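Good morning. Please look at the structure on the screen while I go through a few local features.

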Amino acid sequence: MAPFSELIQGCLAESERLLLENLTPYGIMAAAPTPEAEARNYTRIFGRDAAICALGMAVTGKPALIEGASAGLVTLAEHQADNGQIPKYVDPLCADSDFWYLGCIDATLWWLIAVHFIERRGVRLELQAPIIRALAWLRCQEHPRLLLLQQNEASDWADIMPRSGFVLYTNALWYHVKRLYDLPGAEQTKYHFNHLFYPFSREVPDYRRLRLLTHYVRKRANRSELYLSFVNFSFWGEEGDVFGNLLAMLFNLANDAPSNRIVHALEREQVAQPYPIKAVCSPIRPEAALWREYMGRHRQNLAWQYHNGGIWPFIGGFWVIALVRLGRVGPARAALAQLAEANARYGWEFNEWFHGCTGERGGMARQSWNAAMFLLAEHSLRAGYPFRL
């Protein structure tokens, strides 16, 4: 790492500084408190953002960051819905919480993962009752036979993408939660996950409804080395969801051979260029059947922008961890240096995302999860395999 040590050390220091600046007594804000961030609610405590940030903050060993990570998880629990759902975001000053238009399914999943991660490191959060309610709410979203979560369109982190039904990203998180909390049916979830999202194997699934779903895909889909981004009744996503595929690897839904296949496919697609990592391999365009009118709102989610192929440095942190998991230390070091370079642009702006082709900045500056995931990625590189979330 010698050629990059100064840049990486600088990014470690700047990441910790940004997180400390974005801390409140209630937890970590999604971004630095600017007028623009306030207008777009980025100064709130977001369920998925605060949970993902907690992973990186927890491994620093810094008391202020660990306490801030814990405070955010407690704040979210205090605003949990009666049915058990964790909010999309909380405005603690107004005692207000938001759950998104069609529901926000992954905030609850990430919250559970972060609570378990923090407590494994010796911090007692005393959140047993909210945990039970959160798990019960998720179980109510689970298909009784497939044991996979079902969701509305545009209701996870990629909230202006048309994924619905059974979604790769969400169910990778669900399998991990089931294993962390010893929920029943984890192996059946894994079995159905691999048949549904990668329906190209010769093995025919047992369940008739699953056979029908996979039949539609096998008949018309282009065979890929990646998991499908979602599967609904007679339609599915072939855009190549990078985040979902990485989580499938990290949470052991893909064994070693499929994991290597996925990484090689992503490398061929050059998803880590110029920075790690593009959200999708092939953006959905206005002429495509999956295009939705809302994707063009404010011209935000056009090809190679935002969720539709934009480069997200926080997901780049998961890319580094995936490379570490496969024992590819050299490429992981190089990817970490790329991440540091991305965060350093425009005077350490830690930009939310970059254009997937031009590399121009987009979104909000001074993003907390960019900093936290850089810290977690660097920690995983030093810790080596096995490193588990």
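I start with a term: a residue is called buried under 20% relative accessible area, exposed over 50%, and partly exposed in between, with a 1.4 Å probe and protein chains only. K178 is buried by that rule, at a relative accessible area of 1%.

What you see is a predicted model, where local features need pLDDT of at least 70 and side-chain atom pairs count only at pLDDT 80 or more, while totals for chains, interfaces and linings use all residues. Residues are numbered from 1 along each chain as its sequence is written, and side-chain values use heavy atoms, with hydrogens and water left out.

Next, salt bridges. A salt bridge here is a side-chain nitrogen of Lys or Arg within 4 Å of a carboxyl oxygen of Asp or Glu. The structure holds 19 of them. Which residue does K178 pair with? Its partner is E142, with the closest N and O atoms 2.8 Å apart. K178 sits in helix α7 and E142 in the loop between α6 and β6, so this pair ties together parts that are 36 residues apart in sequence. Helices are DSSP runs of H or I with at least four residues, strands are runs of E with at least two, and both are numbered from the N terminus. E142 is also buried, at 10% relative accessibility.

A second pair is D256 with R325, whose closest N and O atoms are 3.8 Å apart. D256 belongs to helix α11 and R325 to helix α12, so the bridge ties together parts that are 69 residues apart in sequence. R325 counts as buried, at 12%.

E14 is buried at 16%, whereas R17 is partly exposed at 40%.

Now helix α9, residues 208–220. Where do its buried residues point? L210, L213, T214 and V217 are buried.

Last, the backbone. The peptide bond from Q273 to P274 is cis, with omega near -5°, and P274 lies in the loop between α11 and α12. H298 is in the loop between α11 and α12 too; its phi is near 60°, a positive value in a residue other than glycine.
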